[in-house]
Amino acid sequence: ASFTTTIHADRAQCPVLLSNGNCVDSGVHEDDDTRHWSRWHDPFNKPCYLFALVAGDLQCMDATFTTAQSQRKVALKIYTEAHNLDKCAWAMQSLQQSMA
């Protein structure tokens, strides 16, 4: 099945909200500005045991990749705890090479 999920959390404790697929919307709760939410949609059918959710205080390493066939620029992001961010360069390079 394809999945759409909305994650709700405390903004201070979990500033980053991640799940499968693409983030299609996000915001702050109207009635409580200490909480926020993000909505994710994964259009690719998969069994429910492959569904993932991550929420926490994470840092992000950003890069891009241009697809060979369509020349479309794709955003790449690797999330980790702050003290491990300096260890992500090899992972990003490996991801980019695997897509080439």
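This is a tutorial dialogue on how to read the side-chain features of one predicted model.

Biologist: What should be kept in mind about the values and the numbering?

Modeller: Because the model is predicted, local features need pLDDT of at least 70 and side-chain atom pairs count only at pLDDT 80 or more, while totals for chains, interfaces and linings use all residues. Residues are numbered from 1 along each chain as its sequence is written, and side-chain values use heavy atoms, with hydrogens and water left out.

Biologist: Which residues make up the largest nonpolar core?

Modeller: In soluble globular proteins, nonpolar side chains tend to be buried together. A nonpolar core is here a set of buried Ala, Val, Leu, Ile, Met, Phe, Trp, Tyr and Cys residues joined through side-chain atoms within 4.5 Å, where buried means under 20% relative accessible area, exposed over 50% and partly exposed in between, with a 1.4 Å probe and protein chains only. In this structure the largest core has eight residues, namely I7, A9, C14, V16, L17, L18, W40 and L58.

Biologist: Which residues does L18 touch?

Modeller: Leaving aside residues up to four places away in sequence, L18 touches I7, W40, A52, L53, V54, L58 and Y79, contact meaning heavy atoms within 4.5 Å. A second, separate core has six residues, among them V74, I78, C88 and M92.

Biologist: How many aromatic pairs does the structure hold?

Modeller: A pair of aromatic rings is described by the distance of the centres and the angle of the planes. Rings of Phe, Tyr and Trp (its six-membered ring) pair if their centres lie within 6.5 Å, and planes under 30 degrees apart count as stacked, over 60 as edge-to-face and the rest as tilted. The structure holds one such pair: F3 and F51 are tilted, at 5.8 Å centre to centre and 50° between the planes. F3 lies in strand β1 and F51 in the loop between β4 (35-42) and β5 (53-56), so the pair ties together parts that are 48 residues apart in sequence. F3 is partly exposed at 22% relative accessibility, and F51 is partly exposed at 32%.

Biologist: How many salt bridges are there, and which residues form them?

Modeller: Side chains of opposite charge can pair when their charged atoms come close. A salt bridge is a side-chain nitrogen of Lys or Arg within 4 Å of a carboxyl oxygen of Asp or Glu, and the structure holds three. R39 meets D25 at 3.9 Å, N to O, linking strand β4 to strand β3 (residues 22-28) across 14 residues. K46 pairs with D42, with the closest N and O atoms 2.5 Å apart, and both residues are buried. K77 pairs with D62 at 3.0 Å between the closest N and O atoms.

Biologist: Which strand gives the most to the lining of the largest pocket?

Modeller: Strand β7 gives the most, with five residues, and β2, β3 and β7 each supply at least two. The lining includes L18, W40 and K77.

Conventions
Helices (H or I, at least four residues) and strands (E, at least two) are DSSP runs, numbered from the N terminus. On a 1 Å grid over the protein atoms alone, a cavity is a set of points where a 1.4 Å probe fits but cannot get out, and a pocket is an open set with protein on both sides within 12 Å along at least five of seven lines; lining residues have an atom within 4 Å of a point.
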